[in-house]
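Here are my notes on this one, point by point. Have the viewer open while you read.

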Amino acid sequence: MHQLLEKVFLPAFGNDSQNGRHDSAVLSMTDKRIAFTTDSYVVRPIVFPGGDIGSLAVHGTVNDLAMSGARPLYLSAGFILEEGLPMETLWQVVCSMRDAARRCGVQIVTGDTKVVDKGKGDGLFINTAGIGVLEHSLLIAPESVRPGDAVLVSGDLGRHGMAIMSVREGLEFQGTIESDSAPLAALIMELIATGVEIRCLRDLTRGGLASALNEIAEAARVRIVVEERCIPVREDVHAACEVLGLDPLHVACEGRFVAFVSASDAERALHIMRAHESGSGAAIVGTVQGESPSLVILKSALGVSRILDMPSGEQLPRIC
C-alpha cells in the first residue's frame, strides 16, 4: 500500500494539500481550517466480534479526521450492494451506522447506493467521506515531530485484526477476542483542550504500530526508539499471533492511535488518556532520539535492539 501511494496515486494526484502524508487533508477556507478525508470498507465478515462494517465505517472515518486534530462534523455514506443481500443484514448495518454516528456526535448528510450482480460484490462494501473543523492553531503532522518527543499508544494492540481472523478462519481461542473498534475523537479533543503539546497523531490501522511509526519516521526524518516491554498486547492476542505467525506490532487496530507529544507533556498526556474510556490502557512506549537516518528501533526485554521494519505486504487482507 505504501508503494502504491508513492508510485501511483501521489504522482498522479499530488498537490500541496497532500504534502503532510496524513490521514486527512487540512484545507484553509476563509477564516477556518477544515479536515477532509475519505475511506472505503470491505471487511469480511460483515459482522464480527465487537462490531460490524457499519460501525467500523463511522469509527474509521471519524478517527481519520481526529488524527489531524479536527472535530468531526459530517459524513457521507456510499453503499455498494450485491444482488441477493438480505434486507435484514442491510438494516442491521444501517442501524449500526446510525447509532455509531450518534455516539460520535456526527451527522450522515449525504450518500449513494449501487447494486452489482450476484457474485460480483461479496455482500456489501461502504465508502465514506468526512469533514471536520480544526479549532486550534496546532500543526499536528509528521513534520512537527522533534528529537526528544515522547511516543505514546492509547491502548493494547492487535485486537481488531485477530478478531477478524478468528471468525474468518474458524479459529477457536480461549475466550472471544473482540475488535477494539471505537471512536477516538473525544479523547483527542480533550488532549487538545487541556493544552498538551501534540506533535503528531496516527491511528493504527493497516500495518499496525510498525507501519505508523515507519511512515512518521520517514516523513519527519527522525529515528524512533520503542521499548517492547512497554507496548501493551493482551496475552490472548499475543498467543493468537504466535499461532498464525504474525507480529502483534504489524496487526491492525481500529480504535487505537500513536501520539507524539513533547517530553514535558508526556506524563500529563498519559494521565488524561488513562482517565478516558478510549485510552484506559495507554502507555509511554518510546522516544524520538535523533534525526537521520529515518529508522524505527525496537528494544527487546533482554536489551537487544533490532530494526522494526514496515510490513512487507498485506498480512491480513480485508480487515477494514
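**Notes on the model**

1. The structure holds 11 salt bridges, counting a side-chain nitrogen of Lys or Arg within 4 Å of a carboxyl oxygen of Asp or Glu. Before going on, some housekeeping: this is a predicted model, where local features need pLDDT of at least 70, side-chain atom pairs count only at pLDDT 80 or more, and totals for chains, interfaces and linings use all residues. Residues are numbered from 1 along each chain as its sequence is written, and side-chain values use heavy atoms, with hydrogens and water left out.

2. Helices (H or I, at least four residues) and strands (E, at least two) are DSSP runs, numbered from the N terminus. Glu-135 is exposed, with a relative accessible area of 51%, while Arg-71 is partly exposed at 37%. On that scale, buried means under 20% relative accessible area, exposed over 50%, and partly exposed in between (1.4 Å probe, protein chains only).

3. Two more pairs are worth a look. Lys-114 and Asp-112 meet through their side chains at 2.7 Å, N to O; Lys-114 is partly exposed at 46%, and Asp-112 is partly exposed at 39%. Asp-236 and Arg-234 form a salt bridge at 2.6 Å, N to O, with Arg-234 partly exposed at 30%. Then there is a network of salt bridges linking Asp-149, Glu-197 and Arg-199.

4. Seven strands form an open sheet with mixed pairing, in the order 9-11-8-12-10-13-14; two strands pair if DSSP finds at least two bridges between them. At the edges sit strand 9 (198-203) and strand 14 (305-307), each pairing on one side only. Neighbouring strands of this sheet are turned by 25° against each other on average, direction ignored. Axes here are lines fitted to C-alpha atoms, for helices over the stretch in contact, and angles run from 0 to 180 degrees between N-to-C directions. Helix 8 (residues 266-274) packs on the sheet, touching strand 8, strand 11 (257-261) and strand 12, and its direction makes about 10° with that of strand 8. Contact means heavy atoms within 4.5 Å.

5. How do the pairings go, parallel or antiparallel? Strand 8 (residues 150-153) and strand 12 (residues 283-291) run antiparallel over four bridges, with Leu-152 partnered by Ile-284. Strand 10 and strand 12 are also antiparallel, joined by five bridges, and here Val-226 stands opposite Gly-286. Strand 10 and strand 13 (residues 295-299) pair in the parallel sense over five bridges, where the bridge partner of Arg-223 is Leu-295.

6. How many of the residues of helix 4 (159-168) are buried? Nine of its 10 residues are, among them Arg-159, His-160 and Arg-168. What covers the buried residues includes strand 3, helix 2 and helix 7 (235-244). Helix 4 is followed by Gly-170, with a positive phi near 70°.

7. Ala-70 counts as buried because its relative accessibility is 0%. Leaving out residues up to four places away in sequence, Ala-70 touches Ala-35, Leu-65, Gly-132, Val-133, Leu-134 and Met-189. Ala-70 and Ala-185 are 115 residues apart in sequence, yet 8.0 Å apart in space, C-alpha to C-alpha.

8. Some backbone geometry to check. The peptide bond from Arg-44 to Pro-45 is cis, with omega near 5°; Pro-45 is in the loop between strand 2 (32-41) and strand 3 (47-48). Two non-glycine residues have positive phi: Asp-122, near 50°, and Arg-221, near 55°. Asp-122 is in the loop between strand 6 (107-116) and strand 7 (124-134), and Arg-221 is in the loop between helix 6 (208-220) and strand 10 (222-227).
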